[in-house]
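Please look through the sequence and the structure shown here before reading on.

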Amino acid sequence: MAQKIESHPSTITTATTEPPQTTQDHPITTTTTTKNHKLTLIPLIFLIYFEVAGGPYGEEPAVKAAGPLLAILGFLIFPFIWSVPEALITAELSTTFPGNGGFVIWADKAFGPFWGSLMGTWKFLTGVINIASFPVLCISYLENIFPVLSSGVSRKLAILGSTLFLSFVNYTGLTIVGYVAVVLGVISLAPFIIMSLIAIPKIHPHRWISL
């Protein structure tokens with residue numbers, strides 16, 4: 001009896017092993033550094049100047065009302081009893097409570113968020129009312145040179161144009177605002193500097209003590 005022998009073909013399996021990675025791929029990250037434009041000293045001085053004064057306007061009426069002696073004493077004493085203490089208080093509070101908020105942050109820390117928010121709202125409303133008068137004041141000075149701006153459509157267009165221009169300057173950012181403040185400060189102070197230089201030969205110190 002013959003036996004049937006079934007032969008199965010032998011299967012040879014070969015496992016392919018990948019060589020170990022000797023180097024590890026790291027993701028490539030690129031960092032971009034943006035340069036912060038800081039406000040320099042001169043633009044900051046002119047911004048503060050326009051915030052608190054805007055020009056040496058009102059000096060002539062003060063001399064006329066109080067006399068040269070009291071007016072000169074007021075100009076010399078007032079900065080030390082008002083401006084210097086206010087500057088020191090502002091510097092102290094700004095370093096104690098740093099942040100982009102100023103007196104809103106100070107009121108919030110002292111009295112709570114409600115009064116801090118109320119302080120910001122009041123400042124916003126007073127700023128809108130106060131700043132809205134500046135274009136009108138500027139055109140009122142220019143009408144002495146250009147009489148066409150005294151009334152009518154030309155005056156309204158001039159006020160509207162100056163308002164839009166100043167709004168656009170504020171929109172461009174603090175750096176541009178600082179440089180524009182320097183230019184406007186020089187323009188506003190130039191007439192007073194020129195008149196002061198012209199008046200030097202006519203100075204009579206004995207008049208300073210008159211009341």
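This is a predicted model: local features need pLDDT of at least 70, side-chain atom pairs count only at pLDDT 80 or more; totals for chains, interfaces and linings use all residues.

Which residues in α2 meet which residues in α3? On the side of α2 they are E59, A62, V63 and A66, and on the side of α3 they are P68, L70, A71 and F75, where contact means heavy atoms within 4.5 Å. By class, this contact of α2 with α3 has 7 nonpolar, no polar and 1 charged residues; here Ala, Val, Leu, Ile, Met, Phe, Trp, Tyr, Cys and Pro count as nonpolar, Asp, Glu, Lys and Arg as charged, and the others, Gly among them, as polar.

Residues are numbered from 1 along each chain as its sequence is written, and side-chain values use heavy atoms, with hydrogens and water left out.

The protein chain has 7 helices and 0 strands, where helices (H or I, at least four residues) and strands (E, at least two) are DSSP runs numbered from the N terminus. Of the 211 residues in the protein chain, buried residues make up 13%; buried means under 20% relative accessible area, exposed over 50%, and partly exposed in between, with a 1.4 Å probe and protein chains only. Among the contacts in the protein chain with a separation of 6 or more, residues 24 or more positions apart account for 51%.

Two packed helices are described by the angle between their axes and the distance between the axes. Helix α2, residues 59-66, and helix α3, residues 68-96, pack at an angle of about 130 degrees with their axes 6 Å apart, which makes α2 oblique to α3. The axes are lines fitted to C-alpha atoms, for helices over the stretch in contact, and the angles run from 0 to 180 degrees between N-to-C directions. Angles under 35 degrees count as roughly parallel, over 145 as roughly antiparallel, 65 to 115 as roughly perpendicular and the rest as oblique.

A second pair is formed by α5 and α6, which pack at an angle of about 125 degrees with their axes 9 Å apart, and this makes α5 oblique to α6. In this contact P135, V136, I139 and S140 in α5 meet R155, A158, I159, S162 and T163 in α6, and these residues divide into 5 nonpolar, 3 polar and 1 charged.

R155 also takes part in the 1 salt bridge that the structure holds, a salt bridge being a side-chain nitrogen of Lys or Arg within 4 Å of a carboxyl oxygen of Asp or Glu. The side chains of E143 and R155 meet there at 2.8 Å, N to O, and the pair links distant parts of the chain, with E143 in the loop between α5 (113-142) and α6 (153-172) and R155 in helix α6, 12 residues apart. Is R155 buried or exposed? At 18% relative accessibility R155 counts as buried, whereas E143 is partly exposed, with a relative accessible area of 24%. Not counting residues up to four places away in sequence, R155 touches V136, I139, S140, E143, L149 and S150.

Finally, F103 has its place in helix α4, residues 103-111, and is partly exposed, with a relative accessible area of 33%. Leaving aside neighbours within four places in sequence, F103 is in contact with M119 and K123.
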